[in-house]
Amino acid sequence: SPLDSGMSLTPDHTTDLLVIGGGGAGCTAALVAHRLGARAMIATKLRLGDSNTVMAEGGVQAAVGEDDSPIEHFKDAIRGGHYKNDRNLLRILVEDGPEAMLWLCEQGVLFDREPDGRLRVKPGGGTSRSRLLACEDYTGLDIMRALKESVVHSGIPVIEYSPAVELLSDAEGRCTGAVLSPFGAGGPVVVRAKTVLLAAGGIGRLHFQGFPT
């Protein structure tokens, strides 16, 4: 452990928000923070954009169709979740979905379009309306391309090939940053941050309820 080794915790970097993870979620969080005027920094164990986001082929559901609404989306999703969904989170998902898709378009995501320019929506599993937005069969790849370009153009600092190995905390237990361990030469890198956001994926390795994934 870096902390057990007696290493110095003098920060190499200081920022408002440290995002751990350089996939779709991490890039989005950093971009939104940057837009709101906060100093954001991304640390990722590989290169920016090397993530499972690029593997998503099918598409994203959002109620953008003329015959659709967040209420219809909510009803479909609650049925699909056998009524066990967290309803507050689901409400946020369906209400914010259309705006999120517009934001992705503004970042440069090339969702499929109808000849007249409208977003093309396709039917999906468990949907009573066509609401699946896709970029042919490489939706995640194009989303990641656009988000990566936005991060680079925004000037948000990115520390690549540097997995986080420890989180730092103060005497009250509040998280105050992280220790990164870059691959190759050089020692640990200490990042002090007012807020640390974990967007490192890996949920598939948690083996919920003992089931393999």
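Is Tyr 161 buried, exposed or partly exposed? Tyr 161 is partly exposed, at a relative accessible area of 38%. Buried here means under 20% relative accessible area, exposed over 50%, and partly exposed in between (1.4 Å probe, protein chains only).

This is a predicted model: local features need pLDDT of at least 70, side-chain atom pairs count only at pLDDT 80 or more, and totals for chains, interfaces and linings use all residues. Residues are numbered from 1 along each chain as its sequence is written, and side-chain values use heavy atoms, with hydrogens and water left out.

1. Tyr 161. This residue sits in the loop between strand S5 (158-159) and strand S6 (164-169). Helices (H or I, at least four residues) and strands (E, at least two) are DSSP runs, numbered from the N terminus. Check the backbone here: phi of Tyr 161 is near 50°, a positive value in a residue other than glycine.

2. The loop between H2 and H3. Tyr 83 belongs to the loop between helix H2 (70-80) and H3. Its phi is positive too, near 65°, and Tyr 83 is not glycine. Tyr 83 is exposed, with a relative accessible area of 52%. Just after H2, His 82 has a positive phi of about 55°. Lys 84 is in the loop between H2 and H3 and is exposed, at 73% relative accessible area. From C-alpha to C-alpha, Lys 84 and Arg 118 are 34 Å apart in space and 34 residues apart in sequence.

3. Helix H2. Its buried residues are Glu 72, His 73, Asp 76 and Ile 78. Strand S3 (60-61) and H3 are among the elements that cover them.

4. H1 against H4. The axes of helix H1 (residues 24-35) and helix H4 (residues 139-154) come within 10 Å and cross at roughly 40°. Axes are lines fitted to C-alpha atoms, for helices over the stretch in contact, and angles run from 0 to 180 degrees between N-to-C directions. The H1-H4 crossing is left-handed: the near helix is turned anticlockwise from the far one by less than a right angle. Gly 24, Cys 27, Thr 28, Leu 31 and His 34 of H1 meet Met 144, Leu 147, Ser 150, Val 151 and Ser 154 of H4. The contact residues split into 5 nonpolar, 5 polar and no charged. In this count Ala, Val, Leu, Ile, Met, Phe, Trp, Tyr, Cys and Pro are nonpolar, Asp, Glu, Lys and Arg are charged, and the others, Gly among them, are polar. Contact means heavy atoms within 4.5 Å. An α-helix has 3.6 residues a turn, so residues three or four places apart point the same way.

5. The cores. A nonpolar core is a set of buried Ala, Val, Leu, Ile, Met, Phe, Trp, Tyr and Cys residues joined through side-chain atoms within 4.5 Å. The largest has 26 residues; Ile 42, Leu 104, Phe 111 and Leu 147 touch the most other members. Strand S1 (13-20), H1, strand S2 (40-43), helix H3 (87-107) and H4 each supply at least two residues of this core. Not counting residues up to four places away in sequence, Leu 147 touches Gly 24, Cys 27, Thr 28, Leu 31, Trp 103, Leu 104 and Gln 107. A second, separate core of 11 residues includes Leu 18, Ile 20, Ile 159 and Ala 178.

6. Thr 139. This H4 residue is buried, at 2% relative accessible area. Its side chain reaches the backbone oxygen of Glu 57 at 3.2 Å. Beyond its neighbours within four places in sequence, Thr 139 has contacts including Ala 56, Gly 58, Phe 111 and Leu 133.

Key. A polar contact is a pair of N or O atoms within 3.5 Å; within protein, one must be able to donate a hydrogen and the other to accept it, and residues adjacent in sequence count only if both atoms are side-chain atoms.
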